[in-house]
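I opened a new model today and kept notes as I went. Here is what I looked up, entry by entry.

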Amino acid sequence: MVRILGISGSLRAGSLNTALLHAAREAAVPGLELEAATLHGIPLYDGDLEQREGIPAAVAALKARIMASDGLLLVTPEYNNGIPGVFKNAVDWLSRPASGIAEVFGDRPVAVMGASPGGFGTILAQDAWLPVLRTLGARFWAGGRLMVSKAGQAFDADGRLVDDRARQQLAHFLAGYRDAIER
Ligand code: FNR
């Protein structure tokens, strides 16, 4: 069984990306167990806070969950053609202290997917993660892509992924990621 930790980069209760993460969890891909995490409770990175109080509890807890996983799945929104600050901030915290980066990210398989109401489905935010993941020494999985565009229509009012094509693409993406981790 491959265990993946998925993190949604949006704090919104009605987030399309959190809904996509839940759809991934419910996709019931054989041999894949997906846990969902959010970024609630993570403060803004502040070096003074770090020096005074160390790594915040919410960050330490998320780190522990990443380290217990076989792979990480970043479910990223796109803001202004880039990574939302909330998500980058969390990863910046997760990279502290620098001496622990290898343990959290080093050689860890990481996949990226995302959903947006627009026509491009977070393609630029996904690309913007690449230099970050390279810097962290993570093993970016480039074997598949999932961009849920026009996501306002792909999910119903309860956040269920109702677009059949997107559901198929999601299952295919997850199975590919699972196979890559197994290999
Ligand atoms: C956006 N949105 C957006 N969408 C997109 O496809 N490309 C973009 O560059 C942007 N830029 C952008 C900036 C800011 C500040 C906001 C608040 C939003 C729209 C965005 O995709 C939409 O709000 C999603 O619903 C956000 O993801 P969640 O919260 O639904 O997961």
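**Entry 1: strand β1.** I began with β1, where 6 of the 7 residues are buried, so this strand is largely enclosed by the rest of the structure. Strands are DSSP runs of E with at least two residues, helices are runs of H or I with at least four residues, and both are numbered from the N terminus. β1 runs parallel to strand β2 (residues 32-37), and 6 bridges join them. I noted that two strands count as paired if DSSP finds at least two bridges between them. Ile 7 has Ala 37 in β2 as its bridge partner.

**Entry 2: ground rules.** I have to remember that this is a predicted model, where local features need pLDDT of at least 70, side-chain atom pairs count only at pLDDT 80 or more, and totals for chains, interfaces and linings use all residues. Residues are numbered from 1 along each chain as its sequence is written, and side-chain values use heavy atoms, with hydrogens and water left out.

**Entry 3: the whole chain.** I counted 8 helices and 6 strands in the protein chain. Their order along the sequence is β-α-β-α-α-β-α-α-β-α-β-β-α-α. The C-alpha trace spans about 50 × 35 × 25 Å along its principal axes. Of the 183 residues, 47% count as buried. I also checked contacts (heavy atoms within 4.5 Å). Among those between residues at least 6 apart in sequence, 80% join residues at least 24 apart.

**Entry 4: strand β4.** How many residues of strand β4 (residues 109-115) are buried? I found 7 of the 7, so β4 is largely enclosed by the rest of the structure. In a regular strand the side chains alternate between the two faces of the sheet. In β4 both faces are covered: Pro 109, Ala 111, Met 113 and Ala 115 are buried on one side, and Val 110, Val 112 and Gly 114 are buried on the other.

Next I looked up the neighbours of β4:
- Strand β3 (residues 71-75) runs parallel to β4 and is joined to it by 4 bridges; Leu 73 stands opposite Ala 111.
- Strand β5 (residues 139-140) is also parallel to β4, with 2 bridges; Pro 109 stands opposite Arg 139.
- Strand β6 (residues 147-148) pairs with β4 in the parallel sense over 2 bridges; Gly 114 stands opposite Met 147.

**Entry 5: helix α4.** Which residues of helix α4 (residues 85-94) are buried? They are Phe 87, Asn 89, Ala 90, Val 91, Trp 93 and Leu 94. Their cover includes β1 (2-8), α2 (47-53), α3 (57-67), β3, α5 (101-104) and α6 (123-136).

Entry 6: Most residues other than glycine have a negative phi, and most peptide bonds are trans. I went looking for exceptions. The peptide bond from Arg 96 to Pro 97 is cis, with omega near -10 degrees, and Pro 97 sits in the loop between α4 and α5. Asn 81 is not a glycine, yet has a positive phi of about 60 degrees; I found Asn 81 in the loop between β3 and α4. Lys 150 has a positive phi too, near 50 degrees, and lies in the loop between β6 and α7 (151-154). Lys 150 is partly exposed, with a relative accessible area of 45%.

Conventions. Buried < 20%, exposed > 50% of the residue type's maximum accessible area, 1.4 Å probe, protein only.
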